[in-house]
Amino acid sequence: LIKAKSNAADTQRLNVLHACLNCADSFMAQGKKEQALAIYKELNTPTEPPEIQSAAFRGVVIAAPSEAGDIIIDVIKNGTVSMQKVAAGLVNEISEPKAIESIAAELPNLTAENQARVLPALSTQKYPSVLKAVIVAAENKDPQINLAALRALGSLGDDSTVDLLARRASFSKGKERELARESLYRLSGQEINAKILKSLAEASG
């Protein structure tokens with residue numbers, strides 16, 4: 001099939017490319033990751049249609065979990081805008097702790113636009129290193145980063161983020177205040193609820 005894609009007529013080439021992807025997906029389902037990865041890498045090029053490259057890139061990330069963090073960061077930093085968006089969205093699909101930690105560590109080195117894209121995906125990854133990175137982002141003066149981080153804290157936050165959110169809910173304005181309040185109220189747990197009440201009282205007093 002890989003050879004056929006080079007020789008296929010324009011009208012048939014897309015069908016051949018989809019067949020290649022299906023073949024790689026089948027290899028993955030059978031646990032044959034090396035065979036699948038070889039096909040995904042062959043299709044993960046800018047010369048292929050965007051839908052094919054995007055699917056192939058996802059395949060590369062899933063098939064090489066130990067390298068997923070570096071692969072995603074490289075595309076976010078150096079890829080086209082469309083591929084940057086694809087890479088950012090894949091952050092919530094990886095499960096290798098080291099890969100997630102590497103992405104969290106690189107977060108401050110990304111552009112504001114890309115930090116804002118990555119933060120929603122990171123909000124599903126409940127690791128201490130991720131929470132630490134999101135707390136730092138929540139103090140960023142860039143509104144894109146700030147607001148995305150505040151929203152993420154609604155999923156990731158714990159009792160250590162109550163004071164930060166309560167302070168922003170009390171003293172910020174506009175969207176920042178709104179998101180801080182929403183995230184504060186999304187936190188759950190009896191001890192957290194008690195701390196929220198105490199922090200709000202202290203902030204208003």
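**Note on a predicted helical model**

1. With a relative accessibility of 2%, Cys20 counts as buried. Cys20 takes part in no disulfide, and the nearest cysteine sulfur, that of Cys23, lies 7.2 Å away. The model discussed here is predicted, and the remarks below should be read with that in mind.

2. Cys23 is likewise in no disulfide, its nearest cysteine sulfur being that of Cys20, at 7.2 Å. A pair of cysteine sulfurs has to lie within 2.5 Å to count as a disulfide, so the 7.2 Å between the sulfurs of Cys20 and Cys23 rules this pair out. A search over the whole structure turns up zero disulfides.

3. On the overall make-up, the protein has 13 helices and zero strands. Read along the sequence, the pattern is α-α-α-α-α-α-α-α-α-α-α-α-α. The protein has 205 residues, of which 41% count as buried. If contacts are taken between residues at least 6 apart in sequence, 57% of them join residues at least 24 apart.

4. Helix α5 covers residues 68-78. Which of its residues are buried? They are Ala68, Gly69, Ile71, Ile72, Ile73, Val75 and Ile76. The cover over these buried residues includes α4 (50-63), α6 (81-89), α7 (97-106) and α8 (112-122).

5. One of the helices covering α5 is α6. The axes of α5 and α6 come within 8 Å and cross at roughly 150°. An angle over 145 degrees counts as roughly antiparallel, and α5 and α6 are therefore roughly antiparallel to each other. The crossing in which α5 passes α6 is left-handed. From α5, the residues Ile72, Val75, Ile76 and Lys77 meet Met83, Gln84, Ala87 and Ala88 of α6. By class, this contact of α5 with α6 has six nonpolar residues, one polar and one charged. An α-helix has 3.6 residues a turn, so residues three or four places apart point the same way.

6. Helix α6 also packs against α4. How do the axes of α4 and α6 cross? They come within 10 Å and cross at roughly 35°, in a right-handed crossing. Gln53, Ser54 and Phe57 of α4 make the contact with Met83, Val86 and Ala87 of α6. The residues of the contact between α4 and α6 divide into four nonpolar, two polar and no charged. Met83 and Ala87 of α6 take part in this contact with α4, and both residues also meet α5.

7. The passage of α7 across α9 is left-handed. The contact of α7 with α9 has four nonpolar residues, one polar and one charged.

How values were computed
Residues numbered from 1 in each chain as written. Predicted model: local features only at pLDDT ≥ 70, side-chain atom pairs only at ≥ 80, totals over all residues. Heavy atoms only, no water. Buried < 20%, exposed > 50% of the residue type's maximum accessible area, 1.4 Å probe, protein only. Helix = DSSP H or I, 4+ residues; strand = E, 2+ residues; numbered from the N terminus. Contact = heavy atoms within 4.5 Å. Left-handed = near helix turned anticlockwise from the far one by under 90°. Nonpolar A, V, L, I, M, F, W, Y, C, P; charged D, E, K, R; others polar. Axes fitted to C-alpha atoms, helices over the stretch in contact; angles between N-to-C directions. Parallel < 35°, antiparallel > 145°, perpendicular 65-115°, else oblique.
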